[in-house]
Amino acid sequence: MQSTGLALQQDVPLAPLTTLGVGGCAQFLVRAEQVREVEAAVRFAESRQLPLLVLGGGSNLVVADRGWPGLVLQVALEGICHYHGQGSEVFEVGAGMNWDCFVAESVSLDCGGIECLSGIPGSVGGTPVQNVGAYGQEISQTVASVLAFDRRDNCVKPLKAAECGFAYRQSIFNSSQMGRYIILRVTYELFPAARPDLRYVDLERYFAGGERRPTLLDVRMAIREIRAAKGMLITAGDPDSRSAGSFFKNPILAEAQYVELERRAAESNLQVPNYPALARQKKVSAAWLVENSGFTKGYRRGRASISTKHALAIVNRGGATAAEILALRDEIQLRVNEIWGIRLEPEPVFVGF
Ligand SMILES: Cc1cc2nc3c(=O)[nH]c(=O)nc-3n(C[C@H](O)[C@H](O)[C@H](O)COP(=O)(O)OP(=O)(O)OC[C@H]3O[C@@H](n4cnc5c(N)ncnc54)[C@H](O)[C@@H]3O)c2cc1C
């Protein structure tokens, strides 16, 4: 459609644009490589009263089988601007950049702070949305600011990290201000010549007994290897990586809920695992809850299954529908709730339901 000045595509299948690979078509889709294209896309959606979905790398999405009855805006703004800050190395990165490519670049420049977030799929613009985290790091620790198009005030706005409302898997972008901002660029402040972050137990174990202190690159490679072993690295030929990553958040329990969980565990001669990284934030392992609710890795329902390598990932075994993914989600939630009295909250974003 040329009259809008936008390269609009119609009836575009969304499944191939996501890592889980389910769902129907977008009524319209536009790929924006410039800020003015983002603005034009918003105007187009508003003029036709079409719902707007912002798409990054599609690695945290479950798209409905009926698709998206509106405009999908794929943010593809590229580019990295790197300069020295006061005691930090500053990187202004286009929202459409591949996240792991940026991590690789920062590590190659000997800048620390995001090395443990290696191997996470998706775009830079997606990282502030759920405050991406893994292996002891969260992007809230290194994001300095976010540049976004504000749909409410119809202007481009810088937001300081403190204004982004970062918490566990949360920010204003996926909670109080959901749908308001289109992230255009993210500024990270990284640490020059940093010592890698080795707090996480999997990493400690990986490097135990080593003779020299691991470098940032060693940590990056280790994380990618650990992730691959869990199906948490998108790897050609690994059917377990056709997922949206962890499907459930680790629940954060109040004291009374935790006591009740321990009581129920004791009744079954089980002990609630006490991982220091989770305990610090009063979180319980969702994977443990799933595995102790009668589900095994590889448990299958139709063409959807639990990953054979990780109890938290729901995998499209080939040709699955969104309805099949949701049926497995519901079954897991129901059983965990029945047995443990805890409702698991899904992590991915459900689109078009
Ligand atoms: C194998 C695998 C492993 C994973 N491991 C982890 C992990 O360890 N830790 C973790 O936190 N996550 C993990 N994830 C989830 C996912 O990779 C991250 O949440 C990622 O940051 C999502 O980015 P994306 O660009 O793919 O976003 P998308 O999936 O495209 O979108 C997710 C949400 O962000 C919004 N969004 C995306 N881009 C923008 C933008 N520019 N402006 C405004 N809103 C936007 C979308 O509208 C949507 O609501 C994993 C996923 C997979 C498949």
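**Close-up views of a predicted model**

**View 1. The interface of domain 1 and domain 2.** Across this interface the rule finds one residue pair in polar contact, both at pLDDT 80 or more, a polar contact being a pair of N or O atoms within 3.5 Å in which, within protein, one must be able to donate a hydrogen and the other to accept it, with residues adjacent in sequence counted only if both atoms are side-chain atoms. The model is predicted, so local features need pLDDT of at least 70 and side-chain atom pairs count only at pLDDT 80 or more, while totals for chains, interfaces and linings use all residues. Residues are numbered from 1 along each chain as its sequence is written, and side-chain values use heavy atoms, with hydrogens and water left out.

**View 2. The side of domain 1 that touches domain 2.** At least two residues of this side come from each of α1 (35-47), β3 (52-55) and β5 (68-75), helices (H or I, at least four residues) and strands (E, at least two) being DSSP runs numbered from the N terminus. Helix α1 gives the most, with five residues.

View 3. Arg-180 lies in the loop between β12 (155-160) and β13 (181-192), and it counts as buried because its relative accessibility is 11%, where buried means under 20% relative accessible area (1.4 Å probe, protein chains only). Its side chain makes a polar contact with the side chain of Asp-150 at 2.8 Å. Leaving aside neighbours within four places in sequence, Arg-180 is in contact with residues including Phe-149, Arg-152 and Lys-157, contact meaning heavy atoms within 4.5 Å.

Methods:
Buried means under 20% relative accessible area, exposed over 50%, partly exposed in between (1.4 Å probe, protein chains only).
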